[in-house]
Amino acid sequence: MKKFVLPTLVFLCILLCVSSTTGTYKINVKIHPDSKLTIVGNTNINKFNCGFDSKTLEEPIPVEFRKKGDIIYFKKAKLKLNTYLFDCGKKLINKDFQDLIKAETYPDIYLILKEVSPSTIDKNLVDAKVDFKIAGKTKEYTVPVTYDGKDDLSILGKLQLNIRDFGLENPKKLMGLIKVDDVITINFNLHIDTI
């Protein structure tokens with residue numbers, strides 16, 4: 001499966017809207033309520049799957065950016081996800097997930113798109129430089145991105161993150177008998193519009 005990242009939805013909209021000229025632009029993007037975003041992790045016993053309630057993303061996301069050559073630099077392209085809007089299927093698992101990501105102290109996860117440039121791997125992709133801010137710590141990722149821009153813009157894919165990169169410790173349950181893996185996977189199935 002190809003890898004994607006949520007804030008790149010902003011860039012993908014821009015690809016549809018912007019000509020090849022250099023300049024500064026402002027747009028708004030809207031995420032459809034039928035979009036899906038899940039965080040999946042493993043323990044030594046089973047798997048957990050926490051889905052974000054996309055219906056809560058009602059407000060348009062304002063974005064500012066400028067083009068310089070083949071690179072697009074972003075000034076405002078931030079998506080805020082409230083950690084309490086992830087549902088893992090059971091209250092106890094929800095609480096464990098919120099404890100893992102320190103939701104009481106850091107109730108939001110931020111995804112910030114910084115720049116996009118042509119991919120060095122594949123001419124049909126672009127590389128998106130993105131900051132993830134989880135539990136008060138920020139880590140930058142460069143992610144290859146592609147999209148389906150037929151009727152509406154669709155983004156499908158995944159990104160793996162190591163929770164230790166954000167100063168988080170994998171919880172141990174039942175005196176250490178159940179352990180959560182360090183790597184979690186963020187899966188995307190997003191549909192968006194520019195407005």
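Is Lys26 buried, partly exposed or exposed, and what is its relative accessible area? Lys26 is exposed, with a relative accessible area of 65%. The legends below describe close-up views of a predicted model.

**View A. Strand β14 pairs with β1 and β2.** Strand β14 (residues 183-194) runs antiparallel to strand β1 (residues 24-31), and three bridges join the two. Within this pairing, Ile31 has Ile192 of β14 as its bridge partner. Strand β2 (residues 36-42) is also antiparallel to β14, joined to it by five bridges. Here Ile39 stands opposite Ile186 of β14.

**View B. A salt bridge joins Glu64 and Lys26.** The side chains meet at 3.9 Å, N to O. Because Glu64 belongs to strand β4 (residues 61-68) and Lys26 to strand β1, the pair ties together parts 38 residues apart in sequence. Glu64 is buried at 16% relative accessible area, whereas Lys26 is exposed at 65%.

**View C. A salt bridge joins Lys114 and Glu140.** The distance is 2.5 Å, N to O. Lys114 in strand β8 (residues 108-118) and Glu140 in strand β10 (residues 137-145) are 26 residues apart. Both residues are partly exposed, Lys114 with a relative accessible area of 29% and Glu140 with 37%.

**View D. A salt bridge joins Lys129 and Glu115.** The closest N and O atoms are 3.9 Å apart. Lys129 lies in strand β9 (residues 126-134) and Glu115 in β8, so the contact ties together parts separated by 14 residues in sequence. Lys129 is partly exposed at 25% relative accessibility, while Glu115 is buried at 19%.

Conventions: Residues are numbered from 1 along each chain as its sequence is written. This is a predicted model: local features need pLDDT of at least 70, side-chain atom pairs count only at pLDDT 80 or more; totals for chains, interfaces and linings use all residues. Side-chain values use heavy atoms; hydrogens and water are left out. Two strands pair if DSSP finds at least two bridges between them. Helices (H or I, at least four residues) and strands (E, at least two) are DSSP runs, numbered from the N terminus. A salt bridge is a side-chain nitrogen of Lys or Arg within 4 Å of a carboxyl oxygen of Asp or Glu. Buried means under 20% relative accessible area, exposed over 50%, partly exposed in between (1.4 Å probe, protein chains only).
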